[in-house]
Protein chains: 2
Amino acid sequence: MPNEKGPDHSRRKERSRQAILAATRALVAEEAYEKVTVEAIAARAGVGKQTIYRRWPSKSAIVFAALLALSEDTDGQSVALPDTGDLEADLKLVMRATAEEFADPSFDRLIRALNTEISNDAALAAEYREKLVQPLEAAKKARLRSAQDAGQLDADADLDLVLEVLYAPLFQRWLHRSGPLSATYADSLVDVTLRAFGP
Amino acid sequence: MPNEKGPDHSRRKERSRQAILAATRALVAEEAYEKVTVEAIAARAGVGKQTIYRRWPSKSAIVFAALLALSEDTDGQSVALPDTGDLEADLKLVMRATAEEFADPSFDRLIRALNTEISNDAALAAEYREKLVQPLEAAKKARLRSAQDAGQLDADADLDLVLEVLYAPLFQRWLHRSGPLSATYADSLVDVTLRAFGP
DNA sequence: TAATCAATACGGGGCGTCTCGTTTCACTTC
DNA sequence: GAAGTGAAACGAGACGCCCCGTATTGATTA
């Protein structure tokens with residue numbers, strides 16, 4: 001605990017904070033989002049509603065913080081994509097994993113809830129981009145830059161655009177449920193991207 | 001609202017129906033979506049709440065019907081994309097127009113509201129796909145097929161995939177506000193798509 | 001007269017605030 | 001150390017507000 005000063009009420013605080021975030025994640029993952037109420041979160045976490053509102057200003061903020069904390073667990077050391085030297089194989093591995101992730105019902109409900117909040121709250125969207133999206137994109141771009149150095153990708157390619165072409169179709173297909181998120185589909189997105197931005 | 005039906009055949013039904021849909025569109029376009037309530041719609045339309053619930057089962061259904069009616073105005077004759085014989089020019093025209101459309105604040109709020117409802121209601125999403133998306137996609141595919149016949153596009157290309165690569169990045173950039181929807185960007189999406197699926 | 005309507009009351013339920021009595025903990029005082 | 005103390009944080013939940021969707025009523029229209 002890197003606390004240097006002042007009264008140490010942190011033990012109690014931290015425990016209830018974690019309980020609130022865990023309860024939120026559990027509820028969002030297992031129920032339709034409309035059923036997730038602040039009262040339900042408080043009950044599940046074994047805390048009073050005021051304890052929640054002392055920390056976060058709104059339900060959106062709670063949900064967002066809950067998902068943010070999820071990624072901060074795996075964080076600490078920065079994420080990195082596999083780099084075997086074979087760009088196509090590496091990307092297909094990652095895209096297949098991503099497609100599988102979206103097919104999981106709990107993850108589906110979680111990200112759908114997040115997108116609902118984000119879509120209607122520009123400030124939350126900015127925080128989402130800064131804290132969740134950008135670190136991931138940095139890792140992806142690092143892998144792409146390595147591919148550029150290896151001559152497997154157009155050296156002048158706009159990496160933001162490359163990532164969009166690679167991921168946006170998958171994301172849209174998931175969001176609108178407009179088609180299967182199969183391994184074949186994941187592979188074909190990689191093929192398309194490499195054809196468009198290949199050397 | 002001018003009524004062209006002189007005879008007493010139709011009752012107040014149609015006029016109030018139009019008033020409700022128009023009021024819904026106006027409210028969704030000018031306010032944050034959370035502020036759009038059924039009571040506000042009824043007040044704006046000069047209609048009782050019961051008149052609304054006699055026609056639609058839920059708020060989602062009202063919003064959806066309001067946007068559906070919008071597209072049915074311009075409908076009647078099926079939509080068609082320009083076909084000058086120059087695929088690149090035609091697509092850039094359409095993509096630039098699409099990007100501009102999304103930049104309009106009223107349209108932005110409208111489609112954001114629709115996406116919010118759709119994202120959390122699979123049945124509504126299916127109806128959305130059937131009544132709004134598929135007619136448009138049919139028109140787009142017709143243009144792409146014409147390009148295939150002209151040898152400007154890989155004859156074996158999966159047209160669903162082509163459309164996704166073309167539109168999904170724009171859609172995602174708009175939804176997540178992750179970058180400018182400029183004409184340059186629209187053009188580069190066409191360039192990428194043609195590079196990936198060109199002959 | 002018979003539908004249809006606008007208006008409005010109503011129950012149900014969630015959000016965010018407020019209050020209350022209790023627990024925890026840093027800091028005394030013995 | 002052990003016992004005591006005050007303040008901050010707490011669990012519980014009542015409350016006011018707003019909204020959804022239903023039910024009722026008296027007026028309007030065909």
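Student: Why is A:R177 classed as partly exposed?
Tutor: Because A:R177 has 15 other C-beta atoms within 10 Å. A residue is buried with 20 or more other C-beta atoms within 10 Å of its own, exposed with 12 or fewer, and partly exposed in between, with C-beta atoms placed from the backbone.

Student: Before I go on, what sort of model is this?
Tutor: This is a predicted model, where local features need pLDDT of at least 70 and side-chain atom pairs count only at pLDDT 80 or more, while totals for chains, interfaces and linings use all residues. Residues are numbered from 1 along each chain as its sequence is written, with chains lettered from A and ligands numbered from 1 in the order in which they are written.

Student: Back to A:R177, then. Where is it found?
Tutor: A:R177 is in the chain A loop between α8 (159–175) and α9 (183–197). Helices (H or I, at least four residues) and strands (E, at least two) are DSSP runs, numbered from the N terminus.

Student: What about the phi of A:R177?
Tutor: A:R177 has a positive phi of about 50°, although it is not a glycine. Most residues other than glycine have a negative phi.

Student: And what is the phi of B:R177?
Tutor: Also positive, at about 50°, and B:R177 is not a glycine either. B:R177 is in the loop between α8 (159–175) and α9 (183–197) of chain B, and it counts as partly exposed because it has 16 C-beta neighbours inside 10 Å.

Student: Let's zoom out. How many helices and strands does chain A have?
Tutor: Nine helices and zero strands. The C-alpha trace of chain A spans about 60 × 45 × 25 Å along its principal axes, and buried residues make up 27% of its 199 residues.

Student: How many residues of each chain are in contact with the other?
Tutor: There are 27 residues of chain B in contact with 27 residues of chain A; contact means that the C-beta atoms, placed from the backbone, lie within 7 Å. On the chain B side, α6 (105–119), α7 (122–149), α8 and α9 each give two or more residues.

Student: Which of those gives the most?
Tutor: α8(B) gives the most, with ten residues. By class, that side of chain B has eleven nonpolar, nine polar and seven charged residues. Here Ala, Val, Leu, Ile, Met, Phe, Trp, Tyr, Cys and Pro count as nonpolar, Asp, Glu, Lys and Arg as charged, and the others, Gly among them, as polar.

Student: What's the geometry between α8(A) and α8(B)?
Tutor: They pack at an angle of about 85°, with their axes 8 Å apart, and are therefore roughly perpendicular to each other. The axes are lines fitted to C-alpha atoms, for helices over the stretch in contact, and angles run from 0 to 180 degrees between N-to-C directions. Under 35 degrees counts as roughly parallel, over 145 as roughly antiparallel, 65 to 115 as roughly perpendicular and the rest as oblique.

Student: Which residues make that contact?
Tutor: Among them are A:E164, A:V165 and A:F171 of α8(A), and B:E164, B:V165 and B:F171 of α8(B). The residues of this contact divide into eight nonpolar, two polar and four charged.

Student: And at what angle do α9(A) and α9(B) pack?
Tutor: About 105°, with their axes 7 Å apart, which makes α9(A) roughly perpendicular to α9(B). A:V192, A:R195 and A:A196 meet B:V192, B:R195 and B:A196 there.

Definitions and conventions. Two residues are in contact if their C-beta atoms, placed from the backbone, lie within 7 Å.
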